[in-house]
Amino acid sequence: MPGSIDLIVSTVYIGVTIWMAYWLRLYALFYLHSYPLTKRLVLEFIATAELCGACFELIIVADNWGVWMYALYLFLLTIWWSMHWDEASACPYTHLEDVVAGKKSLIIAFLTICAELAGGLAVFRYIRMLWAFQLVSTHKNRAYGDCSTDLQVSAIFGAIVECIATCLCRVVSRVLGDLNPRFSTVIDAFVGTSLVVAAFNYTGGYFNPALASSLKYGCLGTSSMEHVIVYWIGSCLGSIISLRVYRMSFVQNFIQLQEDAVYS
């Protein structure tokens, strides 16, 4: 197994990535406050680039130190992102949810998703530059080597996994948003990370089409159609289904019971 220096370098790369995104976000908020649509698109671009940039390095962590070290890093990063992204989601299906709910027009959703995809695809040049330095053994041949798929099951079963997990993530997030319990961010991050670990050996547990396409589109072992079926259709369908599940009586009754317990 690689040594501690290798892990330190990966941690520094992740830290530099989120530090750069942090300052870019501040500049965008300052200079684009009078241009709300442009600001929204730029913030989604930055958030998706930050997400994908960090997760490229998390692939290194998972490959060399296992899924539990990967989960720890992802859990901490998810908390950080929840605290600093504000309204940005870096995830295409959240905008589809807004379209279905009548909160956003289709054209705005389309432009936002394009901005996210652009951020996810653009960041690979930056990551490849970091990997090309080959400061540690874990980065050797990563910059220009072929990638392999994380899909270890059939496309249909993979789509079902992504669908169910995405649905659960979105329902839990909405319930926590309604109840707003103490440590809700930590709870949400824990649930999301747990689902990622549960799906890790099936699909990689991406639950985000932009992230999956940035990291794994065109990789060996999965065709373009399979990729779309699993990571786009599967997760987007799960997101839309979550709108219906959230409105079901057993979910609403649970929310009401928790609210009554707080105020009783």
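Me: What makes a residue part of the lining of the second largest pocket, and which residues are they?
Reply: The lining consists of Thr-17, Met-20, Ala-21, Leu-24, Phe-45, Ile-46, Ala-49, Glu-50, Gly-119, Ala-122, Val-123 and Tyr-126. Each counts because lining residues have an atom within 4 Å of a pocket point, and a pocket is an open set of points on a 1 Å grid over the protein atoms alone, with protein on both sides within 12 Å along at least five of seven lines. Helices α1, α2 and α5 each give two or more residues to this lining. The model is predicted, with local features needing pLDDT of at least 70, side-chain atom pairs counting only at pLDDT 80 or more, and totals for chains, interfaces and linings using all residues. Numbering starts from 1 along each chain as its sequence is written, and side-chain values use heavy atoms, without hydrogens and water.

Me: How do you know the volume of the second largest pocket?
Reply: The value is about 200 Å³. It is the space filled by probe spheres set on the grid points, which are joined across faces, edges and corners.

Me: What makes the pairing of the Thr-17 and Tyr-126 side chains a polar contact?
Reply: The distance is 2.8 Å. A polar contact is a pair of N or O atoms within 3.5 Å, one able to donate a hydrogen and the other to accept it within protein, and residues adjacent in sequence count only if both atoms are side-chain atoms. The pair therefore meets the distance limit. Contact in the wider sense means heavy atoms within 4.5 Å; beyond four places in sequence, Thr-17 touches Glu-50, Gly-53, Ala-54 and Tyr-126.

Me: What makes a set of residues a nonpolar core, and how many residues has the largest one?
Reply: A nonpolar core is a set of buried Ala, Val, Leu, Ile, Met, Phe, Trp, Tyr and Cys residues joined through side-chain atoms within 4.5 Å. The largest has 51 residues, and Leu-58, Trp-81, Phe-207 and Leu-215 have the most contacts inside it. Helix α2 (36-65) gives the most to this core, with 13 residues.

Me: How do you know where this core lies relative to the domains?
Reply: Domain 1 (1-145) and domain 2 (147-263) both give residues to the core, so it lies between them. The bounds come from an automatic or database domain assignment. Taken over C-alpha atoms, the domain centres are 18 Å apart. The contact takes 30 residues from domain 1 and 27 residues from domain 2.

Me: Why is α8 described as enclosed or open?
Reply: 8 of the 8 residues of α8 are buried, so the helix is largely enclosed by the rest of the structure. They are Pro-209, Ala-210, Leu-211, Ala-212, Ser-213, Ser-214, Leu-215 and Lys-216. Their cover includes α2, α4, α5 and α9.

Me: How do you know which residue caps the N-terminal end of α8?
Reply: A side-chain oxygen of Asn-208 lies 3.0 Å from the backbone nitrogen of Ala-210, and Asn-208 is the cap. After α8 comes Gly-218, with a positive phi near 85°.

Technical notes: Buried means under 20% relative accessible area, exposed over 50%, partly exposed in between (1.4 Å probe, protein chains only). Helices (H or I, at least four residues) and strands (E, at least two) are DSSP runs, numbered from the N terminus. On a 1 Å grid over the protein atoms alone, a cavity is a set of points where a 1.4 Å probe fits but cannot get out, and a pocket is an open set with protein on both sides within 12 Å along at least five of seven lines; lining residues have an atom within 4 Å of a point.
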